Structures are given as C-alpha cells and as structure tokens.
Amino acid sequence: MTLFQAFLLGIVQGLTEFIPVSSTAHLLIFGNLLGLPADEKTFSFSVIIQLGTVVAMLAFFWKDIWQITSAFFLGIKNKKPFEDLYSRLGWLVIAASIPALIAGYVLQDAVEALFRQPMLEASIRLLTAAVLLALAEWFSKKDRELDSMSWLDALIIGLMEVIAVFPGASRSGTTIAGGMLRGFDRPSAARFSFLMSGPILLAAGIYQSLQVFNMSGLTEFLPNLVVGFVTAAVVGWLSIKWLIGYLGRRSLYIFAIYCALVGVLLLFTQFI
C-alpha cells in the first residue's frame, strides 16, 4: 500500500462511515480496484482508520457527549440514573451497544474470513441496506424524538447493528433504519446512530490497534496508517455535518437506490 492509496482509502472511509452506504463495502471495493491484497495489513488498516472517523464523531458531538457523560455519572451519584434525559441516553447508548459488541467478539474469525472473499458478501449486504433504508423511509411515521426513546427501542436498534458486524453492511444505515422503523424522525435516528457508534468503533479500533503492534513491518506501515487516519477524521467530520443538514430536509431513498445499484452491479460481476 502506497501513501496515495492510504489517502484515497481515508477519503472513502470518511465519506462513507456515517453516510448510510456502507464504509466497509466501499473499502473492500476500492481496495480491490487498487489491487490491494486481502491480508492482515489491509484488514488492520481498515479498522485503524475507523478510529479516524470515531475522532470525527467525538469532535462533532462533543457537547452532546459531555452532557451525556456528566449527566450519566451525576445520575449514578444521586442514585437517580434515569431521571435526566441525557443520563438516560447514556444508559440507552450502552444498552444499544451491547449486542454488536458481543457479536463482534464472538464472530471475529468469521468476519475476518469474509474479507478474503469480499465482493459477493459486499453485494448482498448493500442490497440488504437498500431494502432496510427503503422500508424505513416508507413505513416510519417519523413523529418521535430522542426524549421518547425506551429500552425496547434501544435494544431493537442495537440488534439491527449486529447486521453491520459483517462486511458490506452499513452501520449507520442499519441503525438509522432501525430508529426510523421505531417511529423516530430522521435527525433523531441519525443522532442516536452516531452516538451509539462510538463505543463499538472505539472498542474495535483499540482492540485492532493492539494487534497492529505485533504485526511485522509496523515501522514501514505506520506512515500509511497515519495518513489514512488523519484523512478519514477530516473527511468524516465534514460528512457528518453534511448528512445532519441533509436528513433534516430530504429522504433516505437516494441512499437506498445507490446501495441497490452498486449491490446489483457487484452481484453481476460475480457471475460474468
């Protein structure tokens, strides 16, 4: 992997992590187009640059995160953990994160194996994302905000995120769709999706970072990681800003159509 390839993949990661079109699928596609091997280094790179988008999310939502964190511990201190909205959101984010954390740990070997034969898996997951986004847009009442979120809502959205453990599935797409299918409006569903992505992506990035330290050729590979990380962080912040504004005015159908078209194209390439 060259520095320019790392830069390009950082842009792809930053553009697609939060926009519901599957960052993993696009990394797999562009990695394949660039001729990168589906080996340990490529897999580690894809996880490490996710930390860049985690940094972008933390920077963009730092006020929300600060309010949630401070209210969370204050609620514990006062023995009223669910009284305040932000404290309750903290507990709901934790509850929603648990299913995917468990699935990511249990299914790690299976997920890594899929990266070695990625295109068919990516096409199936993109088509799944297209269906979920279209269903969410069509059936959702879009009349709820975050202050009405229940434990059942958080659990269902968290279970939807389990789909995103596999290559090609859009983390933001599945969780935004899950929120909207529970009746939340687009901005509320997106906001909760981004907030709950933090623990999952941070845990995955830290775990994989520990594996990278044991990887051979780390010194030579480190500049690529730095370039990809920084690029993904900058582009990711801009993507969040754009998407929040977009969802306040327009539907998810454009993303569903895009996922369907790319998924069908990838599926077609498997049989020619």
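Me: In which helix is Leu-135 found?

Reply: Leu-135 is found in helix 7; helices are DSSP runs of H or I with at least four residues, numbered from the N terminus. The model is predicted, so local features need pLDDT of at least 70 and side-chain atom pairs count only at pLDDT 80 or more, while totals for chains, interfaces and linings use all residues. Residues are numbered from 1 along each chain as its sequence is written, and side-chain values use heavy atoms, with hydrogens and water left out.

Me: Why is Leu-135 called partly exposed?

Reply: Buried means under 20% relative accessible area, exposed over 50%, and partly exposed in between (1.4 Å probe, protein chains only). Leu-135 has 36% relative accessibility, so Leu-135 counts as partly exposed.

Me: What makes the nonpolar surface patch, and which helix gives the most to the patch?

Reply: The patch covers about 850 Å² and is made by Val-131, Leu-135, Trp-138, Phe-139, Leu-181, Tyr-253, Ile-257 and Leu-261. Patch residues have over 30% relative accessible area and no salt bridge, and nonpolar side chains (Val, Leu, Ile, Met, Phe, Trp, Tyr) are joined within 5 Å. A salt bridge is a side-chain nitrogen of Lys or Arg within 4 Å of a carboxyl oxygen of Asp or Glu. Helix 7 (118-139) and helix 12 (253-269) each supply at least two residues; helix 7 gives the most, with four.

Me: Why is the pair of Phe-72 and Trp-91 called tilted?

Reply: Rings of Phe, Tyr and Trp (its six-membered ring) pair if their centres lie within 6.5 Å; planes under 30 degrees apart count as stacked, over 60 as edge-to-face and the rest as tilted. By this rule there are eleven aromatic pairs. The ring centres of Phe-72 and Trp-91 are 4.7 Å apart and the planes are at 40°, so the pair is tilted. Phe-72 lies in helix 4 and Trp-91 in helix 5, so the pair ties together parts 19 residues apart in sequence.

Me: Are Phe-72 and Trp-91 buried or partly exposed?

Reply: Phe-72 is at 12% relative accessibility and therefore counts as buried. Trp-91, at 26%, counts as partly exposed.

Me: What makes the pair of Tyr-246 and Phe-255 edge-to-face?

Reply: Their ring centres lie 5.5 Å apart and their planes are at 65°, so the pair is edge-to-face. Tyr-246 and Phe-255 are both buried.

Me: How do you know that Lys-79 is exposed?

Reply: Lys-79 has a relative accessible area of 74%, so Lys-79 is exposed. Lys-79 lies in the loop between helix 4 (62-77) and helix 5 (85-106).

Methods. Patch = residues over 30% accessible without salt bridge, like charges linked within 9 Å, V, L, I, M, F, W, Y side chains within 5 Å. Areas by Shrake-Rupley, 256 points an atom, 1.4 Å probe, with all protein chains shown as cover.
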